Amino acid sequence: MIVGEQLPRRSLIWLIVCQIAVMLPHLQQIPFWIVVIYLATALWRLQMFRQRAEMPGRWLRLLLGIAGATLLFMSFGTFIGLEPMVALLLVAAALKLLEAIRERDGYLLVFLGFFICVTHFIFTQTLPATLYSVFCTGLLVTALVTLNQSPGSRCSGHEPLLALKMLALAIPMMVVLFLLFPRIGPIWSVPSTSGQGMTGMSDFLRPGAVTKLGRSADVAFRAGFAGVIPKKPALYWRGLVLSKFEEGTWRTLQWRELPGSERQLVAPETIGDPLRYRVVLEPTQQRWLYGIAYAESSTAGVYEAVDYRLGVLNPIEFQFGYDVTSWGTAGLQPSLSDWRRGLETDFPKGLNPLTEAWVKDLRNQFSDDRDFVAALLNYFRMQPFYYTLEPPEILSPDFVDKFMFDSRRGFCEHYAYSFVAMLRMAGIPARIVAGYQGGEVNPLNNTVVVRQFDAHAWAEIWVGGAGWQRVDPTAAVAPSRIELGIEAVLDGQPGFLSDSVMSAYRFRGIKILNWMRLRYDALAFGWQSFIVGFDSTRQIDLLKDWFGEIRVSWFIALLLGSWAGVLIPLMLWLNRGRRVHRLLPEEQRFSALCLRLDQRGLGRTFGEPPLQTLRRARRHLPEGDALYLALEHAVADLYRRTRSASEGP
Amino acid sequence: MLFQANPKERLKNVLLQRYRRWLGRRLPAARTITLEQRRLFIFPSRQGFLFAVTLLLMLLTAINYQNNLAYGLTFWLAMLFIVAVHFTHANLLKMVISSIRVKSVYPGQQAEFVFRISCTSARRGHHAVKLVWPDSEVLVDVPAGGEVEVSLRHKVVARGWFDPPKLRIESTYPLGLLRCWSFAYFDSRALVWPRPLEVDRRVSPYTENASYGFSEHEGLDDLMGFRDYRIGDAPRLIDWRSHARGLPLQTKLYSLPVDEDHWLDWHDFSAGSVEQKLSWLCWLVLQHHRRGESFGLRLPSFELPLAAGDRQRDLALRALALHGLSRGEVG
């Protein structure tokens, strides 16, 4: 092996650092033993570098490869899917590190590193993740620089600086390309994330389901408002409509369960000024979206279900932004079909005998639906009901009986469950709506940040002529939950935020930290909506905004202009202080004559000695030609000038 | 031959000729060469193409996942490539290479060409520059405003002038994704002397003369001393015994009868080819020079008057080296 082809020793260190750096953010998605493999190969390679270990033989390497693949298959059970593929890539990179002895192995590792960086973006696109990837890119480019240094050059520490300089120069051109590159849809379908370890709402409700969300301060979504943000009690983010009660669980109705006549959405009458906002939803792995009723979305791919909730066809795997228009005054479904009425009043009889008897009594007193609802709410208000994150667990099927007359301690879903159950017992169409309530207003950029602990469940009852109306039994039990937000009620209670020990949200009491937190959240929202959520619609809007119309020639001009704007100054800067070596006067004269020869078809070929040129000229030019004579003089001068240096003992 | 060549071959020849002439116009040979804009060529290296494939994969990932950050990173690296074009090019731009020394050699030896590479800028040096000949290459860094000397060797086989092949100057610094290179022909050449051969007694008049015999008469001469071995010394004069003890090669010196002036004449050799005669004469020239004697040289078309010393030796060797070669190449 030629020395020049060997992996320079200094770049080995950089390569190891790079490989570990690009692997670290994947820790969430990969089994832990991959880290062990990384460390082991890095250590082994370092021992090889210190000449304390041998490079593993071909068979051993093959064996390691097979072992890695087998372990992967055992960990994931499959090779299909994003996580196993990324893990495979990482294992390959780790094993490649072990056999990286040639320069081109170094390049391969760096390019692999770039690709691993990109796969990281598939899982997360947050600002910190981006900054970390930028850091990794800097490391990888530095490794490239070290691969190209001559072995003798001293370590001057200027390699990272040079890498940063070059990367910085590439940014303006990158921005222009980013804005102009057409966003086309997927060319083929790709494996998606398995979405393990997500916190968030599920599409069914049973007691305790929402309670667990109260432990987490993770952001569920952010909503940026164009105008004034409504007061907190109006911020009911409707997500799921749970109409069907089965085996102690409330669930949504699937589209295929609807009879044909019920599949058509009855659009409500919209009056007044709507509320306009954009929601950026964190990945949920679910197919529904959140909005304030009655919500319509203009974003492509968002549909509206018959129970007036927004949904998408494919699970939300990445942050998803959508624009919403809401009319608060719109009446939902003013007339109810028999099928619908039957569905929304269906509750199994005989499960809760105590409650059934009690409801029957109450119904006799209040025959009007509104009066009955008011009486129920009043009961919640007057009796010693408690709002708590840690209610006693009720597992028996007579949940309503136990809750209403025994424990009386519960979270929102306990109240919504019992409330809707009692209304249905009384023959009033009612259903549970699950979503979020409230949220933290960030005045810095006019957004509402909704976290997992804002998860809420409430009820909707159908009132003749007005349609579905929102009724929140929790508001009767704990009014401040709705007025001030959940943290006003639960802060200090055991369990609240217990899953988010290090969340910045915990430090909201300290003024400067809170300001920084809000500032950062505003930045994150801007990042999500302008960079991550930059799609073809936004692209066209933006370009139309700037240029008035979409014209390809302008874009090409802009692209080339940005290149010239960066590269021409760069060229001048790189060349400063460089001078051109002047030719000797004899050389200049000879070159000038050669050009004249060239015009007469006798140009010099590459590397022809001047004397040979002269001889050729003599053969081809007529006797006594002025050009030949001049050439003869020039060559003589040239040789006289340069002769002495050409030879030596 | 030209008529037998098929049209394709002929076209290839014509194109090759054209290409050479174009190169000649672009890169005239000179003693000192500055790598100017028009001399430099730049093209993605093999790693550069691999990088492009990586970028393509990254772009496909970005498109299929509709991932803006993946788009961003891909574009960033693509633009880094564009920036690297300028950095790689600027690394060699206006580098000055001078051929400063060439040593004359005997056939079969390596001719050594010494080049000086200098950087005219006080701010930016030239990094990881490779000078390449078919079987010799060197990698150097030139500090800003400084200069370095490097030597390249090339094996020579025949006496006469040895024109160095074209020198490739290349660098992939800083990222290795692009290769910037230039070719340079230097107007300096190495003089290759004939190979010295001990005179064959059967064909030479000089062996009759006691002053040239070393075999039989050696014992009669007094050993005068030693001096460092020089190329061309007869193996039997070397003090092998001391060399075996690890000392450098030494040549034994014998006192010889002080002689009158010597004329080394081509025509005195009764037999032998041209090259043999030149080799013998070469050996004789070296012998006389070593003893500090004055000598003259007669060749069929050349006569060197009697003289002694290094210059006389050089003139004689030069005449021998260039004997019979076309006038144009005598230079």
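Me: Where in chain A is the place of A:N446?

Reply: A:N446 sits in the loop between strand 15 (440–442) and strand 16 (447–451) of chain A. Helices (H or I, at least four residues) and strands (E, at least two) are DSSP runs, numbered from the N terminus. The model is predicted: local features need pLDDT of at least 70, side-chain atom pairs count only at pLDDT 80 or more, and totals for chains, interfaces and linings use all residues. Residues are numbered from 1 along each chain as its sequence is written, while chains are lettered from A and ligands numbered from 1 in the order in which they are written.

Me: What is phi of A:N446 near?

Reply: Most residues other than glycine have a negative phi, and most peptide bonds are trans. A:N446 has a positive phi, near 55°, and is a residue other than glycine. A:Q285, also not a glycine, has a positive phi of about 65°. A:Q285 belongs to the loop between strand 6 (275–281) and strand 7 of chain A.

Me: Which residues does a cis peptide bond join, with omega of about -10°?

Reply: In chain A, the cis peptide bond joins A:A293 and A:Y294. A:Y294 is in the loop between strand 7 (291–292) and strand 8 (295–297) of chain A. In chain B, the bond from B:Y173 to B:P174 is cis, with omega near 0°. B:P174 lies in the loop between strand 9 (167–171) and strand 10 (178–184) of chain B.

Me: How many bridges join strand 17 of chain A to strand 18 of chain A?

Reply: Two strands pair if DSSP finds at least two bridges between them. Strand 17 (residues 455–463) and strand 18 (residues 467–471) of chain A run antiparallel and are joined by five bridges. They form a hairpin with three residues between them, and A:G465 in the turn has a positive phi of about 90°. Strand 17 of chain A also pairs with strand 14 (residues 430–437) of chain A, in the antiparallel sense, over seven bridges. A:I461 has the bridge partner A:Q469 in strand 18. Strand 17 of chain A is mostly covered, with eight of its nine residues buried.

Me: Which residues in helix 16 of chain A are buried?

Reply: They are A:R517, A:L518, A:D521, A:A524, A:F525, A:Q528, A:S529 and A:V532. The buried residues line one face of helix 16 of chain A, because they fall within an arc of 130° when seen down its axis. The arc is that of the directions from the helix axis to the C-beta atoms. The exposed residues A:I512 and A:W515 are on the face turned away from the buried side of helix 16 of chain A.

Me: How many residues does the contact take from chain A and from chain B?

Reply: Two residues are in contact if their C-beta atoms, placed from the backbone, lie within 7 Å. The contact takes 75 residues from chain A and 76 residues from chain B. Among the elements that give two or more residues to the chain A side are helix 5 (103–123), helix 16 (511–532) and helix 21 (626–646) of chain A. That side of chain A divides into 44 nonpolar, 21 polar and ten charged residues. Here Ala, Val, Leu, Ile, Met, Phe, Trp, Tyr, Cys and Pro count as nonpolar, Asp, Glu, Lys and Arg as charged, and the others, Gly among them, as polar.

Me: What does the domain assignment of chain B give?

Reply: Domain bounds come from an automatic or database domain assignment. For chain B it gives domain 1 (29–192) and domain 2 (205–221 + 256–330). Five residues of domain 1 of chain B are in contact with five residues of domain 2 of chain B. Strand 8 (160–162) and strand 11 (190–192) of chain B each supply at least two residues of the domain 1 side.

Technical notes: Buried ≥ 20, exposed ≤ 12 C-beta atoms within 10 Å, placed from the backbone.
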